Amino acid sequence: MPEITAEGRYAVGAPQELSVDLLIVGAGPTGLFAAYYAGFRGLSTAVVDSLPEAGGQVTAMYPEKMIYDVGGFPAIRGRDLIKGLVEQAAPWNPRYLLGRKAEGLRQAEPGLEVLLDGGDVIRAGAVLITAGIGEFTPRPLPAGDGWLGRGMVHFVPALDAHAGHDVVVVGGGDSAFDWVLALHPVAASVTLVHRRSRFRAADSIVREAQRLGVRLVTDAEVTEMRADSAGQLCEITVQPKGAEPLVLPAQTVVAALGFTADLGPIEDWGLKIDHRAIAVDSTMATARDRVYAAGDVASYPGKVKLIATGFGEAATAVNNIAVALDPEAHLFPGHSSNVE
């Protein structure tokens with residue numbers, strides 16, 4: 001199965017148009033399952049996401065982490081879940097527009113038009129927003145200005161890219177320790193640097209890092225990053241509070257300092273926004289005609305934010321969209337196990 005990345009996206013350049021029955025905004029687990037289910041319902045689809053790879057937060061933040069609350073899987077690695085969802089949708093040929101932002105929404109009877117960055121226009125009978133917590137931006141590492149792509153990363157989609165490296169992870173939360181534990185088997189060394197004396201991460205994963213012998217440098221900050229003759233990161237300086245500076249070898253620095261998130265241009269689409277989420281009814285419809293939402297971005301009383309919840313909401317939304325596009329269609333198409 002080829003990896004779905006921005007290389008196969010809709011070309012940027014002179015404005016172009018693409019027409020589909022359903023445009024899905026967000027390529028995380030909910031969006032990918034919606035692409036499958038829309039294909040099952042006979043709808044043509046396109047999936048747009050600002051990230052360069054499919055998988056949303058799972059791919060960007062914890063591809064190697066085990067997930068335990070997806071039905072049918074006692075445990076499944078994040079990367080494997082996304083791979084399975086992409087494969088599940090593949091027979092229906094959804095069009096992926098990755099590394100692209102959905103910016104504007106306007107009526108275009110009988111459907112909608114979504115304007116992407118770069119000027120491309122997607123015509124769709126309906127839009128399903130599955131944008132998770134929205135567009136998220138990593139918090140910067142002050143000493144890392146100008147180092148992104150030269151040895152500093154915020155996420156680690158592929159562990160092998162850092163095999164044999166001296167890795168320094170900066171941060172003290174669950175994500176920072178997840179990267180520590182994931183990289184430990186492949187890296188030459190792993191050190192964690194945190195500016196406080198206490199960690200925000202769960203005690204269990206902190207203890208696991210300690211058991212593995214990972215060096216934990218607390219009450220300290222990275223103050224300088226230096227390059228080798230080829231311009232790539234080779235070492236950093238860490239300043240512990242009240243002590244002499246430490247110089248550490250580092251070919252990779254993972255800046256896991258958390259992120260900020262917002263809905264971006266979607267907030268201006270005429271929807272009802274509730275605490276950075278989109279209010280929906282029981283059909284997953286929003287306040288705007290033919291615009292639906294599912295997954296973490298959708299809000300209603302009693303909502304529980306789980307991947308499993310998003311799968312059910314995606315199916316509910318797609319079935320109602322199918323009827324909105326064709327009033328002759330049945331709301332419930334039957335079980336997929338009955339389809340030959």
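Which are the buried residues of helix 4? I found Ala176, Phe177, Asp178, Trp179, Val180, Ala182 and Leu183, where buried means under 20% relative accessible area with a 1.4 Å probe and protein chains only. Helices (H or I, at least four residues) and strands (E, at least two) are DSSP runs, numbered from the N terminus.

A note to myself on the source: this is a predicted model, in which local features need pLDDT of at least 70 and side-chain atom pairs count only at pLDDT 80 or more, while totals for chains, interfaces and linings use all residues. Residues are numbered from 1 along each chain as its sequence is written, and side-chain values use heavy atoms, with hydrogens and water left out.

**Helix 4 and its neighbours**

Seven of the ten residues of helix 4 are buried, so the rest of the structure largely encloses this helix. I then checked what its buried residues pack against, and the list includes helix 2 (56-61), strand 11 (166-170) and helix 5; contact here means heavy atoms within 4.5 Å.

Next I looked at helix 5 (residues 203-211), whose axis comes within 10 Å of that of helix 4 (residues 174-183), with a crossing of roughly 30°. Axes are lines fitted to C-alpha atoms, for helices over the stretch in contact, and angles run from 0 to 180 degrees between N-to-C directions. From helix 4, Asp174, Phe177, Asp178, Val180 and Leu181 meet Ile205, Val206, Glu208 and Ala209 of helix 5. Sorted by class, that contact has six nonpolar, no polar and three charged residues (Ala, Val, Leu, Ile, Met, Phe, Trp, Tyr, Cys and Pro count as nonpolar, Asp, Glu, Lys and Arg as charged, and the others, Gly among them, as polar).

**A hairpin**

I moved on to strand 14 (residues 220-227) and strand 15 (residues 233-240), which run antiparallel and are joined by seven bridges; strands pair if DSSP finds at least two bridges between them. Glutamate 221 has glutamine 239 in strand 15 as its bridge partner. Five residues lie between the two strands of this hairpin, and glycine 231 in the turn has a positive phi of about 85°.

Strand 20 (residues 277-279) pairs with strand 22 in the parallel sense over two bridges.

**Whole protein**

Lastly, I noted six helices and 22 strands in the protein.

Technical notes
Buried < 20%, exposed > 50% of the residue type's maximum accessible area, 1.4 Å probe, protein only.
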